[in-house]
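The sequence and the model come first, and the description follows.

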Amino acid sequence: MKIWRELGLLSMSIGLLVWWEGISQPGWPREGDALLHGYRALEMARMWQAGVLYPRWAPDLAGGAGYPLFVFHAPLFPWSVAALIVGLGFPLDQAMKVVLMGAAWVGSAGAYWLARRWGLSQAASMVAGLAFGYMPFQLQQSNYPQYVAVNLIPWLLISIDYAIRQGGFRARSGLAVSTALLGLCHNLSAMMGYSVAFAYALLVIWKERAPVRRWAKAMAAFIIGLGMALPYLGPSFTDIGLVHLERARTGVYEATRHFLTVPRLLSMPPLRDERWGNHPHVLTFGLHQMLLALPSLNGILPFRRRARRPERLWGWILLLILTTLMLPVSYPVWAALPFLHYIQFPWRWLGPAGLIIALLIGLSIEDLKPGHRWPCAFAAALILILGVLGLIYDGGSRRALANSTLKDLHRYEQEQQYPGLTATGELFPRWVEGWPETPPDVAAAYARGEEPSRLDLNALPPGAQARLLYKGPLDQAWEISSALSFPARFWILGYPGWQVLVNGMPISAWVEAGTGWLRAEMPAGVHTVRVRFQSRWLWRLFDHAALTLWSGWSVWAILRKAQKQKRKREERLASAADFVRTNPERPRHWSARGACILFLATIGFHLPYHLWSMTRVPLDRPPGADLSVRADFEGQVRLAGYSIERWTVRPGEIVLLTLWWRALRTPDEDVHVYVHGIPADRPLLSLPQAFQSDHVHPGGVPARRWDPEKHYRDDHYLRIPADIRPGPYRIRIGLYSGPEGRRWRTADDGSDGIDLPFVLVVSRPLPPCFSAISFGGVLLLEGYEQPGSLRAGQPFTLWFGWRAQRSLLQNYTFFVHLLNERGELIAQQDLLQLTALWPMGSLIPLGVDLPPLPPGRYRIRIGWYLWPSMEHLSAPSPTGNAPYWETPNALEVKP
């Protein structure tokens, strides 16, 4: 196939320029794992510079204690970055971006070529390639090895297609190499990719009726490819029992805790930059992509005869299976197949599923009339790009990695609490408890930019001396003289592969209980002591097996090329190349050319970027938030807004309160947030909070990791106690820090918190008034309750239900007077109420506690006034308006 005749591939490459423009922004986003994978690549480059091409032990991680990172994490991505850094002198930033940009093109080109293998036109294949490149799951993720691995899956399917349909050494070689590269890139994605490849092999075998011999050879090539990846796949499986890998599969990382829902899978990705710093992962197929794929169902219907019906059936059935595996309904499958738990998150299947959707979108375009394909293809391409506009560009303040050092790596580990650049320290050896503290000598050496000496000089006996002979990251030696034998300690976490040699002879070593430091018994006298890390025999077996397979494949390829027959073998089956030679495609119609010009102008004039910049959410204006509350705490953190589910609740219910925070600058320390519900019907009394919600990290993200250019959503589920006293409660919000809980002060008035503009009303049912009573057209009495029978000496409570008739700017005082039959005042309560905080439309119950009364009949008068002016709100009375209202029923107290 002549690539230069593929206009669709060229158009697809132009369409990818929008994503390349987004990834080429300076620096990296603070959220996600972008920095984590950058520092992993930095460690790999550092080992390459030391002459170690495949370091299974990362000596600089875990604060310098060392970590078996590259035993369990695939090397292909950090290898690629290290090759650009060490071989071509690229800065770390640029090296990572070159690898990711190349991976994006490789993946999209793979989807394009696979569509062409299905016989799709260039226009349809272009859309399939762009649909794969602009898959929402791929754009939002910062797990870059996984990103690269998903982009290799199309090529695995292509190689299977060639190996089964056409056979031959080249086809089987491609299958072996693509299998090996996928395995060396990301083990979990490889497991999923191999599963999809197996399903695709069944499709090709069934459709082509391939002979057993041919697909058996393809299976052998696949197995050889697995053998080529043994240096990584082998140890990552056999060494599982040496580390705490269960930490990454239990608790919050339990696979069955991360199922998705159908609405979420079919949701629309963000179309604009919402400046949402802790935005949940965008785990969706993309509604726009699913709508573009739906027309391909038309060819499956029995009464519709369309080309490539087997591919359509295969695609939709496989998409249904992968979707099911991401839904809670698949729980029995996950429980019955424990190996699925290694995938960790069911939503990882979104990667392979995205390839299926891309091919189905290509089939939808192919079903159109030939004259309509190119215009619709360019229109679909724009929809695919604009549908993920909020994921392409990142508008936050970014962190550069170009000049990063090991000191920056260690700072990142500490700030993020990522021991060994992993989330839970799951790769610490089993005999290590917790995260060992970095020895001062090691920390000081890293701070000076030097290779640390791994010998603990403080463990030498009195009079003993140690002279450093040489030191490298994985190999160091000293001359030690001591009159006594002693147990030496090395600042290295013990792990199979570490050796201690005395005068060139290995000696037995052990690990220190709890800390895991490597120790060995040193004999008395003057000796040369060496500590080094070497491959285990099982690792060497895997390495030699893979090297033999790679070497044998290379030699065989050279021999076949030298002995190549003069006459080319005829193609056994029609291929996509025949389609291209006999059907050269060009967008000849004026509408197709116009669509092409519009598409090129859109990309060339950076219209997607300009649209993104115009639709960005303004800073300090989070969408959906009430902006009436804003407070700056000590000039470092700002409460930018809030939203509450409702202002009226019943006892025992839960109400959602969302706060939006922003860092004005990187805070000096991590802060914690409190939300307290304090009774508001007796504000003059210092009452404890009736309910509360405290978060150690607002929004689940430590404040020192916040991006000042983004907002952080902090959801508080306020649980209202079932036995709470009904009435209004003011919601107070504040920050505190440190072990003593020091309250942060607001910049405006220096208070230790801020109240929401309305009270939260805990309701209770009240008998309604026969007719609502209005007090001055301001407050409306709609219900009240008094004891039906009361005995002398018994305290009691009167309940009143009030509703604000309009927004109030002042706080009124509510009074209740009890008068005996002679009109004398016997008891009273005057309660200041925060009426200015009463929400409009809410019925607010107020309970008034009164002391025991002697037997008799008592009249109840209530009213409102302003303090200190004593201006009353008038109420209706038989003689006209009065400064009070008297209840129609007297209170009777029996002896």
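Angles between axes under 35 degrees count as roughly parallel, those over 145 as roughly antiparallel, those from 65 to 115 as roughly perpendicular, and the rest as oblique. The axes themselves are lines fitted to C-alpha atoms, for helices over the stretch in contact, and the angles run from 0 to 180 degrees between N-to-C directions. The model is predicted, so that local features need pLDDT of at least 70 and side-chain atom pairs count only at pLDDT 80 or more, while totals for chains, interfaces and linings use all residues. Residues are numbered from 1 along each chain as its sequence is written, and side-chain values use heavy atoms, with hydrogens and water left out.

**Overall architecture**

The protein has 26 helices and 31 strands, where helices (H or I, at least four residues) and strands (E, at least two) are DSSP runs numbered from the N terminus. Its C-alpha trace spans about 125 × 95 × 50 Å along the principal axes. Of the 895 residues in the protein, 54% are buried, a term that stands for under 20% relative accessible area, with exposed meaning over 50% and partly exposed the range in between (1.4 Å probe, protein chains only).

**Helix packing**

Helix α1 (residues 7-15) and helix α7 (residues 122-133) have axes that come within 8 Å of each other and cross at roughly 30 degrees, and these two helices are therefore roughly parallel. Helix α9 (residues 144-165) packs with helix α11 (residues 187-208) at an angle of about 25 degrees, their axes being 9 Å apart. That angle makes α9 roughly parallel to α11, and the crossing of α9 and α11 is likewise right-handed.

**Salt bridges**

A search of the whole structure finds 47 salt bridges, each being a side-chain nitrogen of Lys or Arg within 4 Å of a carboxyl oxygen of Asp or Glu. Among them are the pairs below.

| Pair | N to O distance |
|---|---|
| D456 and R489 | 2.9 Å |
| E479 and R467 | 3.5 Å |
| R725 and D849 | 3.4 Å |

In the pair of D456 and R489, D456 lies in the loop between α22 (440-447) and β1 (465-471) and R489 in strand β3 (residues 486-493), so the contact ties together parts that are 33 residues apart in sequence. D456 counts as buried, at 2% relative accessibility. For the salt bridge of E479 with R467, E479 belongs to strand β2 (residues 475-482) and R467 to strand β1, so the pair ties together parts 12 residues apart in sequence. E479 is partly exposed at 31% relative accessibility, and R467 is partly exposed at 47%.

The salt bridge of R725 with D849 links distant parts of the chain, with R725 in the loop between β15 (712-719) and β16 (727-737) and D849 in strand β25 (residues 844-850), 124 residues apart. R725 has a relative accessible area of 24% and is partly exposed, as is D849 at 34%.

**Surface patch and a sequence-distant pair**

A nonpolar surface patch of about 630 Å² is made by V262, L266, M268, L271, L287, L291, L294 and L297. Patches consist of residues with over 30% relative accessible area and no salt bridge, like charges being joined within 9 Å and nonpolar side chains (Val, Leu, Ile, Met, Phe, Trp, Tyr) within 5 Å. One of its members, M268, is found in the loop between α14 (262-265) and α15 (287-293) and is partly exposed at 34% relative accessibility.

Y342, in the loop between α17 (331-336) and α18 (350-366), is partly exposed at 33% relative accessibility. Y342 and A248 are 94 residues apart in sequence and 8.9 Å apart in space, C-alpha to C-alpha.

**Backbone geometry**

Most residues other than glycine have a negative phi, and most peptide bonds are trans. L421, in the loop between α21 (406-416) and α22, has a positive phi near 60 degrees and is buried, with a relative accessible area of 0%. D620, in the loop between α26 (607-614) and β9 (631-633), has a positive phi near 65 degrees and is buried at 8%. The peptide bond from W867 to P868 is cis, with omega near 10 degrees, and P868 lies in the loop between β26 (856-866) and β27 (871-872).

Conventions. Accessible areas come from the Shrake-Rupley method with a 1.4 Å probe; for residues, only the protein chains shown count as cover. A crossing is left-handed if the near helix is turned anticlockwise from the far one by less than a right angle, and right-handed if clockwise.
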